[in-house]
Amino acid sequence: MKPTDIASPDYFHKVVDCQWACPAHTPVPEYIRLIAAGKFDEAYSINWVSNVFPGVLGRTCDRPCEPACRRGRVEEKNAEKPEPVAICRLKRVAADNKTNFERLLPSAPEKTNGKKIACIGAGPSSLTVARDLSLIGYEVVIFDQDKKSAGMIRSQIPRFRLPESVIDEEVGYIEGLGVEIKNGVRIDSLQALLEQDFDAVFVGAGAPRGRDIQIEGRAEAAKHIHIGIDWLSSVSFGHVSKISKRVVVLGGGNTAMDCCRTARRLGGKEVTVVVRSGFDEMKASPWEKEDAIHEGIPILNYRVPKRFLHDKGKLKGVEFEIVEVRYDEKGKRRLVPTEDAPEVIPCDEVLVAIGQENAFPWIESDCGVKFLDSGLPKLNPTTFQSTNKKVFFGGDAAFGPKNIIWAVAHGHEAAISIDRLCSGDSVSDRPSPDVNLISQKMGIHEWTYDNDISNDLRNKVPLVDQKIALKDIKVEVEVGFDFKLAMSEAQRCLNCDVQTVFTAPLCIECDACTDICPMDCITFTENGPEKAVRERLTAKSTNTTQDLYVSSALKTGRVMFKDEDVCLHCGLCAERCPTGAWDMRKFYLQTAKAGAACQNAK
Amino acid sequence: MTFIAKPKLRHPELQRNKHGFTRRDYEGAVSTLCAGCGHDSISAAIIQACYELELPPHRVAKLSGIGCSSKTPTYFLGNAHGFNSVHGRMPSVLTGANLANRDLIYLGVSGDGDSASIGLGQFAHILRRGVNMVYIVENNGVYGLTKGQFSATADRGSKSKRGVENHSASIDLVMLAIELGATYVARGFSGDKSQLVPLIKGAISHRGAAFIDCISPCIAFNNHSGSTKGFDYVREHNEAVNFLDVMTPRDEITADYAPGSVQEIKQHDGTVLRLRKISEDYDVHDRVAAMHYLQKSKAAGDIVTGVLHVDPESPDLHDTLGTVSAPLNSLGKKELCPGKSAIDKFNAARR
């Protein structure tokens, strides 16, 4: 194996599993350390720079960081139920406890740079583009059809998960930068917009069309059958405030979970979620399923809706065919009807949450924006530029429905592209991230970070009493971590960004690091091909998604291998190293944002 | 010195032995020795050996004297018995303990100062008595706790950290041990655990006085270019005469070596020491030849390592004293005070 090139930003970035997994690459361990230090404003600020909506995401994020978290792996066979750090809910702690974040809030330059950008839709991706660009002097105008901005954050996420005040605050920070948001303005023609004096147009219009179901009885009982996202939006904007007693929700995604829990609060006594496939294959995040079940909502699986039963238009129930999984001769998974009789679930209203579609009826076919057969725009996946070089897409409008954090990540990249386009630079040349690697040594055996490893298990977020929660849709279910729980949870973070850096010429091969390492990560052995080396390591090395840190040849001809997989970043190797060959250095990576640093990047 | 306790979390794939213990369960407190100390590697080797032999930790007694080396029993086998004795007096305490309870596994840990200077007399006598134990000397050639003066094992001509030459002759503990009748004698190096762990396992499975001289570089005072006990010097001059595999009775014994290249020695407890010969003409059974070989190598500047002498058949102290097989500390009043009639019978036999 070749020695590891630690000068490449990717190597240590990958070791910080959470940051690597986050689409916006938020420096997670850094803000968790700041929370532990009680510096909530600074912790919030780090989040604000990376993901723009810390308060919103701290309640609603899909958390790709948590399944990646190293804590989950190191608790394997050490704790009864290995669990990652509650990264998402710690973000909320920073948002809830900040006292004077405004002092850290950057301001837009007094004079604009003369470039004007239009954003369509005031959802997370557009707001991100607007923030990044207004900070460097662009004049940004956002058009949105709703009377209040924030897109699906406001229209689809129910208030009991996300209070409106949080949305208003975080949209407010962006408006405060001088971004103009034109609410209640619907763009009906891209061509007309392109004819105005905008230097670029960003489309962050989301995936606004909820998929419908076409089965017998749909048309006749239409009055009692609603499309999930439209219904949620009507609830959010106050057009709908109650629902019948018996409700069936069709679909197994996060929207379905929001629908059923909302229905529970608007008068639904018997709310049932029904999905076609298995419980485990549902698209909803595991914790959202748990929350729904916790509120007394059964989730029935392997049931395919066949027809709506009605009495002259009055809905009586839904008939389901019961299916099971079979694999055909090619090994393809299929749902096959069983011998069982069809099942009827009586109900008064149905919410259909079986997916969302993109719709761009307002983009003329001759304005240079080409579309794929899927109905999605043809885009460059890194620059988000469409076939019309002035038009960019992001969020759900780019690659179909994802989630807020992806929309934010798209926004940052699109902002860079727009900035480069407007500066006359090549859009396809992307700027490098800002990377720093600094020793954390303070004394002989003292570090700037707390290297003692906490044995606390994952803390549960306290909830409001269910009787109160189910009565009022505006009561936020989760109370959030209190100070004590927040500190305990923050201490569970392993500080994976504090890297073990090895300097081979200093090593005298005394074995001190191998002996002290609590996780047996370090092995000195002969070099060879990766597969053979992995078999030779002190501890079984099966997780090939995690890299081996490889040194150059040492005095005896052997090589130091460190399996990054379950390293606790406790720094004991560096403490026991007599020559300083091991050092603990903090790796801080911030992705490039639009601005001076991204100009002329090669 | 490390201020935090070693984290309790351990590698998820760590195997458990028949007692349900992982290797981590054989550890002790975090070491307070200097970073990189060879002694810590020896502690790690002891931990590994005890785990592999599946010893129940509470059946082990670790005894030591004074010095850096004698601090180390705190850093391994936290669940074993321990006794930190007076300087150089560990052998007497160990002998006493062994007489009182012959069932424990005795591990004497000492250093070159503790054993070759202040305790040299005690060292000699415990070996010649054949006490059943493992005696490890963590040999770094200097007095580390008093800032690096030469110890009695420092080679003549070697230099201190400040460049002062040592004019006194050195004591070779391995030569002494063979001379005094130790029945398992080996030399290892803290920087080579693949050799050291089997040497310790062999010593533990041996019945009788087992002695290991383990060269252990002192990072703070004796790991420089004028030293003969530093990492570089030992690696350059290390001449292993054999490589040991220890096979306990439950291991499947396979033979895949060319005849003549392997020597197998059966120990009392059924363990087999399989020695792969590296030096053709070295015979571990031949005491006289071994001493001759060691003298010659020393004159040539080589450090001979490996198993240097084994005699699996010789009696230990309890055999020579003819003590009962039950540990003396387990004998009750009934056995110790058999009553007047038994005394009368005994006296009558002496009339």
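This passage describes the two chains of the predicted model and the contact between them. Residues are numbered from 1 along each chain as its sequence is written, with chains lettered from A and ligands numbered from 1 in the order in which they are written. Because the model is predicted, local features need pLDDT of at least 70 and side-chain atom pairs count only at pLDDT 80 or more, while totals for chains, interfaces and linings use all residues.

Chain A holds 22 helices and 24 strands (DSSP runs numbered from the N terminus, with H or I over at least four residues for helices and E over at least two for strands). Its C-alpha trace spans about 90 × 65 × 55 Å along the principal axes. Of the 602 residues of chain A, 47% are buried, that is, 20 or more other C-beta atoms, placed from the backbone, lie within 10 Å of their own.

Turning to chain B, there are twelve helices and 13 strands. With a radius of gyration of 21 Å, close to the 20 Å given by the globule rule for 351 residues, chain B is as compact as a globular protein of that length. Buried residues make up 48% of the 351 in chain B.

Where the chains meet, 30 residues of chain A are in contact with 24 residues of chain B (C-beta atoms, placed from the backbone, within 7 Å). Helix H20 (512–516) and helix H22 (572–576) of chain A each supply at least two residues of the side touching chain B.

Notes:
Rg over C-alpha atoms; globule rule 2.2 N^0.38 Å. Buried ≥ 20, exposed ≤ 12 C-beta atoms within 10 Å, placed from the backbone. Contact = placed C-beta atoms within 7 Å.
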